[in-house]
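Walk through this model one level at a time.

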Number of protein chains: 4
Amino acid sequence: MSFFPNVPQIKYEGRGSKNPFAYKHYNPKEVVFGKTMEEHLRISVAYWHTFNANGTDPFGVGTAVRSWDSLSPLDRSLARVEANFELLEKLGVPYYAFHDADIAPEGETLAETNKNIDVVVAKLKEYQQSTGKKLLWNTANLFTNPRYVHGASTSSNAEVFAYSAATIKKMLEVGKELGAENYVFWGGREGYESLLNTDMGLELDNLARMLHMAVDYAKEIGFGAQFLIEPKPKEPTKHQYDFDAATAINFLRKYGLKDYFKMNIEANHATLAGHTFEHELRVSRLEGALGSIDANQGDYLLGWDTDEFPTDLYSTTLAMYEILKNDGLGKGGVNFDAKVRRTSFEDEDLFYAHIAGIDSFAHGLKAAAKLIEEKVLDGVIEERYSSYREGVGAEIVAGKHDLKSLEQYVLTKQQPIKNRSNRLEQLRASVNEVITSV
Amino acid sequence: MSFFPNVPQIKYEGRGSKNPFAYKHYNPKEVVFGKTMEEHLRISVAYWHTFNANGTDPFGVGTAVRSWDSLSPLDRSLARVEANFELLEKLGVPYYAFHDADIAPEGETLAETNKNIDVVVAKLKEYQQSTGKKLLWNTANLFTNPRYVHGASTSSNAEVFAYSAATIKKMLEVGKELGAENYVFWGGREGYESLLNTDMGLELDNLARMLHMAVDYAKEIGFGAQFLIEPKPKEPTKHQYDFDAATAINFLRKYGLKDYFKMNIEANHATLAGHTFEHELRVSRLEGALGSIDANQGDYLLGWDTDEFPTDLYSTTLAMYEILKNDGLGKGGVNFDAKVRRTSFEDEDLFYAHIAGIDSFAHGLKAAAKLIEEKVLDGVIEERYSSYREGVGAEIVAGKHDLKSLEQYVLTKQQPIKNRSNRLEQLRASVNEVITSV
Amino acid sequence: MSFFPNVPQIKYEGRGSKNPFAYKHYNPKEVVFGKTMEEHLRISVAYWHTFNANGTDPFGVGTAVRSWDSLSPLDRSLARVEANFELLEKLGVPYYAFHDADIAPEGETLAETNKNIDVVVAKLKEYQQSTGKKLLWNTANLFTNPRYVHGASTSSNAEVFAYSAATIKKMLEVGKELGAENYVFWGGREGYESLLNTDMGLELDNLARMLHMAVDYAKEIGFGAQFLIEPKPKEPTKHQYDFDAATAINFLRKYGLKDYFKMNIEANHATLAGHTFEHELRVSRLEGALGSIDANQGDYLLGWDTDEFPTDLYSTTLAMYEILKNDGLGKGGVNFDAKVRRTSFEDEDLFYAHIAGIDSFAHGLKAAAKLIEEKVLDGVIEERYSSYREGVGAEIVAGKHDLKSLEQYVLTKQQPIKNRSNRLEQLRASVNEVITSV
Amino acid sequence: MSFFPNVPQIKYEGRGSKNPFAYKHYNPKEVVFGKTMEEHLRISVAYWHTFNANGTDPFGVGTAVRSWDSLSPLDRSLARVEANFELLEKLGVPYYAFHDADIAPEGETLAETNKNIDVVVAKLKEYQQSTGKKLLWNTANLFTNPRYVHGASTSSNAEVFAYSAATIKKMLEVGKELGAENYVFWGGREGYESLLNTDMGLELDNLARMLHMAVDYAKEIGFGAQFLIEPKPKEPTKHQYDFDAATAINFLRKYGLKDYFKMNIEANHATLAGHTFEHELRVSRLEGALGSIDANQGDYLLGWDTDEFPTDLYSTTLAMYEILKNDGLGKGGVNFDAKVRRTSFEDEDLFYAHIAGIDSFAHGLKAAAKLIEEKVLDGVIEERYSSYREGVGAEIVAGKHDLKSLEQYVLTKQQPIKNRSNRLEQLRASVNEVITSV
């Protein structure tokens with residue numbers, strides 16, 4: 001039985017193809033910059049947006065009607081498993097990612113919930129084995145249920161902390177069972193609504209306590225996944241504790257957790273924090289903490305997380321540039337944490353949207369490779385900073401100077417200092433030529 | 001000779017006074033929460049906005065005409081010294097703060113510039129001694145001169161790094177000479193205009209190198225001032241490296257500088273970064289890094305640093321709450337990094353504006369003290385987090401749990417968990433009553 | 001039977017009362033500026049936020065549990081009627097407001113829906129008569145149902161236009177039946193998601209067609225309510241056609257509708273559009289189009305409609321200043337289009353929140369009256385523009401000049417022109433003194 | 001004598017050229033969509049950013065050193081005339097645009113200023129005649145001089161209104177003398193800093209009075225230029241009266257000025273107002289008011305007018321799409337109201353930046369033409385709104401329905417209504433293919 005009977009296998013047909021069910025850029029086995037596109041991109045489908053979301057927004061109910069809607073909760077969950085693997089196969093992509101709440105119905109008790117999870121996990125495992133598809137990451141949903149109204153690890157209620165711990169434990173076990181390559185911690189409601197009633201010190205201490213417990217338990221059970229923090233500045237809370245990469249990394253450093261976590265950077269979260277996507281990737285890369293990405297895009301004129309499928313080629317190109325400079329994402333991947341618009345409510349849109357996003361990243365990969373191969377950016381950077389490779393600059397970098405020696409140096413030099421133009425406008429035009437020529 | 005002959009000594013006359021040249025709230029010797037207002041607030045006047053700025057903006061030339069405008073550069077600098085101390089005395093406040101470029105004209109060479117500085121510093125010292133007024137902090141202006149077009153410590157040009165080092169050296173010596181209680185590092189142009197042409201790794205390394213050199217030199221000359229970083233997210237650059245407190249503290253931690261620096265938090269910089277002023281104060285306080293504040297306010301609907309005199313009593317109250325919770329600002333103070341509006345171009349406005357700002361902080365101090373004394377916020381917080389002072393919560397805080405023991409705990413408990421309302425609306429009403437009743 | 005058995009009648013106890021179930025400022029019969037507070041404020045409760053909302057947000061399900069939740073749809077609707085009038089009576093406020101979808105369950109067909117509405121309307125009418133409470137306004141919800149996925153009057157689907165028309169017809173009849181004093185048109189999904197696929201010209205023409213039909217039908221049935229447009233810039237769509245007051249009024253002018261509509265200004269919509277609340281009120285007032293207000297507040301650092309209960313006294317004071325300058329709101333009122341925070345999920349919070357909001361508006365009313373009585377703002381304005389009451393200024397205003405005569409005038413005058421300081425900082429301090437002294 | 005001796009004539013070399021002094025897309029005589037590129041784009045250079053600006057920003061002095069800097073004021077102005085025409089010729093573009101203050105030094109009196117202007121205008125006219133270059137538009141700078149501290153036409157000081165009138169008179173005469181095809185009114189400081197001290201009603205009335213006087217005088221002297229309003233939402237004032245196109249058009253309608261003015265839409269002003277560039281163009285087009293454009297781009301993450309040279313191909317493509325749909329800009333043109341970055345301070349950057357911007361618009365023109373020719377967008381739109389071309393939809397558009405007839409229609413129809421997906425993701429992918437294939 002097929003959930004998407006009208007959708008054929010999506011294949012690469014290249015530029016010029018008018019077939020909406022074909023890739024124009026993503027050619028999995030094509031070698032770019034020394035690896036296949038598939039190896040570079042490690043594409044993943046987000047279970048929640050693809051199989052659970054239905055277009056609900058704060059002003060309206062769902063618009064998408066799926067064939068599994070009428071089933072009982074557990075059967076619905078099982079049907080979604082099949083739909084997931086059908087979609088992965090038809091898209092020809094290797095990974096998926098989920099929260100506990102996406103895959104199985106919550107029960108009245110923890111025990112009941114875990115039992116439901118076990119049933120679905122068994123089926124996921126079976127399908128993974130038969131299809132060769134893999135789990136990029138899993139995580140625990142610690143924000144939807146009303147118990148998390150005040151947060152999870154940072155709840156003002158210790159009972160909720162305990163419940164969160166039990167849930168994370170279960171999901172670490174599930175990750176191990178399914179061979180997840182990463183495990184993600186997105187803050188959910190870990191933040192504050194108002195400073196007036198918040199003990200931020202205790203809340204941050206508790207958040208660190210929970211992460212330490214997770215690290216310890218993964219070690220105990222031999223779950224070797226890469227642990228990832230996903231920064232977001234706001235929404236649903238006024239202020240989320242993992243505001244951006246720098247904030248999250250500072251937290252990790254403060255609490256002795258830096259060695260155990262990398263970042264899962266989401267484009268739309270970056271822009272909500274006042275940064276570009278590539279900025280957050282750069283910061284993470286320089287900290288040795290670029291783990292994985294949530295591929296999507298926001299709307300700069302809207303102040304909430306719109307989670308659109310990424311089609312901005314400037315953004316995908318500069319993201320792939322950072323990833324190539326990072327020697328790839330390691331265990332991480334390009335997870336499409338993106339939802340079809342509420343107005344794109346037909347089943348086929350799930351495919352059209354993924355094709356749009358995947359092609360945009362494939363295009364970005366090719367453009368980024370060309371930027372590097374032709375030294376479009378790197379050549380400029382080498383030249384700009386050349387003064388640090390000789391003379392006083394090289395000595396400064398080598399640690400041979402102090403304020404006194406530099407004052408002496410300056411006093412002997414002719415003023416004024418000569419600088420050179422950055423030629424930024426010309427550089428941007430060159431980037432345009434590269435992006436539109438691959 | 002007087003620079004402000006129409007301005008009388010500003011005295012406290014209390015609520016109800018209609019005298020525009022009087023304080024309605026700031027009563028320096030009045031004891032609030034165990035200390036005098038003067039001791040709490042440690043008020044400082046910003047030299048640049050008060051004596052150098054003239055109302056220029058990107059669309060128009062200056063509107064203020066000062067009596068010293070027609071003098072030669074050095075005489076103008078010397079006149080401003082007199083005006084500064086007259087203003088401090090008339091306002092009855094103890095501190096001032098400056099950049100090198102504020103107090104003396106720049107020469108053709110570093111030597112010439114330093115000579116000019118020495119002349120003015122001698123006069124400042126003399127006036128400090130005769131009036132008892134003190135220097136809250138000084139700093140180096142590493143952004144106005146064209147040499148800093150690409151940054152100072154983070155310039156792509158090593159010659160500029162060297163020049164910056166020499167300038168910082170001089171200003172550390174000036175700080176020592178004048179007994180500055182703090183020394184501030186505001187990033188100026190330390191950031192990037194575009195990632196396309198920026199070697200962020202080298203730039204951050206260089207920034208750290210410079211700060212280490214400054215720490216070392218201050219130690220060498222016995223200059224015991226508190227060192228302060230002033231975060232700002234953007235402007236003039238697209239991205240300033242000291243984006244916000246968390247980012248700056250992460251940088252300090254990464255480069256082994258955390259012990260040597262605290263934060264100088266500016267209200268308008270906080271809001272440009274997407275935070276409230278009180279958020280940045282809270283973050284700094286919890287990091288043991290709340291050093292001093294730049295008191296001003298921005299306009300939430302405008303995207304640049306408007307540096308308005310602070311009159312929002314919500315903001316001043318919550319700022320003073322954080323400061324009281326921090327046991328005060330230590331060596332730091334409340335520096336009015338605020339400029340009169342371009343439309344407030346008369347000499348008297350310098351006084352009216354400072355009175356407005358100082359009274360708003362004095363009002364905020366009284367309201368914050370009342371909030372604490374009546375446990376308006378603290379009572380709510382104690383109650384909200386009470387579950388962490390007993391039972392499983394106390395055990396979690398004491399480090400007695402792991403994921404397994406917490407799962408066991410949850411499995412034995414009745415579901416669902418009961419949470420309590422935050423009653424935020426009621427709390428905000430209570431805060432209103434406090435602010436409008438002091 | 002009581003829905004709020006723990007809540008007593010809310011009475012005025014004045015400043016200093018610590019009773020959370022009492023007004024500190026709102027004293028309905030107290031005369032301020034020539035009218036009672038009740039007459040000035042004409043307070044209204046929003047049915048949707050108060051009786052239908054349960055704290056759902058995009059990241060979590062509802063947190064509030066109400067006593068009517070377990071009833072069947074129609075019984076639930078009827079129970080809410082009782083709860084509504086109990087709340088109105090306990091709060092001691094005269095008005096309420098609703099959408100069709102708030103008061104009755106939607107049926108399978110229009111006929112069925114209308115039948116449900118009739119049942120509930122009969123009960124509302126009965127309760128209005130027995131309690132004396134009144135309907136400030138009603139409206140049609142043309143955005144929640146999936147049929148409105150592409151808009152209502154501006155849908156790309158003519159069937160949806162027709163359905164919207166039928167719905168508006170019914171709600172005009174309901175308004176007449178219940179004596180609604182106003183009828184509101186909030187755009188819902190009238191806007192676009194992307195210009196790429198939008199025929200904006202046709203959509204705006206259709207919107208105007210619908211409004212003309214509504215005007216005509218109201219006339220036909222003798223429904224004399226004031227018609228109101230409620231501007232909002234974005235959310236749920238990327239761009240809502242009624243972006244702000246100026247945009248909405250331009251639309252009305254273009255389509256010959258200006259005489260039939262006024263504005264219903266919402267604070268949070270104003271700030272999302274980049275304006276202050278008082279700006280939108282001022283613009284509407286000067287256009288003779290200030291009809292009513294949706295009282296709430298947003299969070300300047302968040303980019304979505306948070307609909308918080310208003311407690312910012314600066315905002316309530318300046319809003320009431322505009323309303324007093326408008327000689328009141330006429331048929332309009334102060335409708336609390338505000339929802340309790342998701343964390344304020346207990347029944348009592350519905351009261352605490354309304355008390356907070358009502359007291360903040362009562363406080364604002366008293367402060368605004370004092371600002372006017374003491375000519376704090378008006379005195380400044382009279383003085384600032386005095387040059388237009390004599391000489392060349394008076395002649396300009398009287399239409400006696402053209403470019404040539406003004407050039408002649410300038411050529412005879414001494415340059416440079418002398419301007420005076422605005423003293424804005426001092427004025428803000430004066431406003432603080434007024435707000436904190438009433 | 002040459003001002004740009006190192007810059008050759010800029011010619012079209014096409015894609016693949018690595019010559020930085022060549023166009024890759026702009027081929028003036030190439031026919032696209034029925035007209036030459038030159039005729040479509042009508043490119044203009046902005047005098048102020050190109051010849052007067054030097055890189056000054058609020059945190060630093062100028063970085064650009066031009067060969068005319070050392071001349072006396074009037075000689076400097078005359079040298080800039082020569083530089084302007086050399087640049088226009090080397091770029092091979094037909095138009096330029098200026099404010100009075102850009103071209104001639106201001107004198108002590110109006111008479112003296114006008115005399116300076118006359119000297120420069122004579123030279124401009126001579127160069128226009130000898131080169132064939134033309135004036136796209138001129139305008140009066142009513143914001144830089146301190147006299148405009150409180151606005152010009154909306155100043156609280158009637159003397160300033162008079163002075164503004166005299167200045168506008170002169171510039172209308174200059175426009176006539178030089179054959180300007182348009183005359184622009186950008187608000188400058190026409191707006192408010194605070195509502196607390198602003199008589200908005202009088203200010204708007206005065207603004208309208210001034211525009212009527214300008215219309216009358218242009219008629220009197222036979223100056224047939226198109227009059228343009230340039231909307232901007234904020235900066236330098238907190239709120240500019242011509243906030244956006246809809247606001248400006250509402251103002252024009254209210255004051256009987258709609259027939260005499262069109263819009264000059266600037267990309268960066270659009271985004272500061274919360275709109276896309278293409279939105280403002282669409283709104284203006286539908287109002288029959290799309291007059292001309294100020295081509296530049298902002299930075300969505302920065303809150304001020306950065307006036308960058310436009311290189312975002314999404315923006316240039318969608319702008320050109322609106323312009324093609326408008327049957328071109330008529331008398332208007334594409335004026336590069338863009339400044340080289342402060343870091344692009346060398347003379348050559350003036351060329352590199354214009355080449356980047358011009359090529360981006362030429363690229364956008366080709367992409368927009370292809371979008372239209374291949375019906376990429378128009379085909380979708382025709383299909384989406386097809387229900388309004390038949391049946392009830394056609395009847396609605398033809399004005400044959402009212403609320404009653406539509407209710408009757410709905411009551412006879414089967415529910416629920418069927419809508420179709422918008423397929424926005426697929427459409428965006430198609431747009432990418434077009435933009436990167438021309």
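Helices (H or I, at least four residues) and strands (E, at least two) are DSSP runs, numbered from the N terminus. This is a predicted model, in which local features need pLDDT of at least 70 and side-chain atom pairs count only at pLDDT 80 or more, while totals for chains, interfaces and linings use all residues. Residues are numbered from 1 along each chain as its sequence is written, chains are lettered from A and ligands numbered from 1 in the order in which they are written, and side-chain values use heavy atoms, with hydrogens and water left out.

Start with chain A. It has 16 helices and 14 strands. Its radius of gyration (taken over C-alpha atoms) is 24 Å, close to the 22 Å that the globule rule (2.2 Å times the number of residues to the power 0.38) gives for 438 residues, so chain A is as compact as a globular protein of that length. Along its principal axes, the C-alpha trace spans about 80 × 60 × 45 Å.

Chain A is assigned two parts: domain 1 (11-374) and domain 2 (377-437). Such bounds come from an automatic or database domain assignment. The centres of domain 1 and domain 2 of chain A, taken over C-alpha atoms, are 39 Å apart. In the contact (heavy atoms within 4.5 Å), domain 1 of chain A supplies 10 residues and domain 2 of chain A supplies seven residues.

How much area do domain 1 and domain 2 of chain A bury between them? The value is about 870 Å², with 59% of it on carbon and sulfur atoms. Buried area is the accessible area (1.4 Å probe) that two parts lose on being put together, summed over both. On the side of domain 1 of chain A, Tyr314(A), Lys370(A) and Leu371(A) lose the most area to domain 2 of chain A, together 49% of what that side buries.

One salt bridge crosses this domain interface (a side-chain nitrogen of Lys or Arg within 4 Å of a carboxyl oxygen of Asp or Glu). A salt bridge joins the side chains of Lys325(A) and Asp378(A), at 2.7 Å from N to O. On the side of domain 1 of chain A that touches domain 2 of chain A, helix 11 (313-325) and helix 12 (347-373) of chain A are the elements that give two or more residues.

Now go between chains. In the pairing of chain B with chain A, 94 residues of chain B are in contact with 94 residues of chain A. The buried area is about 8300 Å², of which carbon and sulfur atoms give 62%. In chain B, Leu196(B), Asn197(B) and Leu403(B) lose the most area to chain A, yet together they make up 10% of what that side buries. Eight salt bridges cross the interface of chain B and chain A. Glu287(B) forms a salt bridge with Lys254(A), with the closest N and O atoms 3.9 Å apart. There are 44 residue pairs in polar contact between chain B and chain A, both at pLDDT 80 or more. The side of chain B that touches chain A divides into 46 nonpolar, 24 polar and 24 charged residues. Here Ala, Val, Leu, Ile, Met, Phe, Trp, Tyr, Cys and Pro count as nonpolar, Asp, Glu, Lys and Arg as charged, and the others, Gly among them, as polar.

Next, take chain C and chain B. Here 48 residues of chain C are in contact with 48 residues of chain B. Together they bury about 3700 Å², 51% of it on carbon and sulfur atoms. The count between chain C and chain B is 10 salt bridges. Glu374(B) and Lys18(C) meet through their side chains in a salt bridge of 3.8 Å, N to O. Polar contacts between chain C and chain B come to 28 residue pairs, both at pLDDT 80 or more. Which elements give two or more residues to the side of chain C that touches chain B? They are helix 11 (313-325), helix 12 (347-373) and helix 16 (424-435) of chain C. Helix 16 of chain C provides the largest share of that side, eight residues.

Last, the backbone. Most residues other than glycine have a negative phi, and most peptide bonds are trans. The peptide bond from Gln415(D) to Pro416(D) is cis, with omega near -10°. Pro416(D) sits in the loop between helix 15 (403-411) and helix 16 (424-435) of chain D. Arg423(B) is not a glycine, but has a positive phi of about 50°. Arg423(B) lies in the loop between helix 15 (403-411) and helix 16 (424-435) of chain B.

Note on methods: A polar contact is a pair of N or O atoms within 3.5 Å; within protein, one must be able to donate a hydrogen and the other to accept it, and residues adjacent in sequence count only if both atoms are side-chain atoms.
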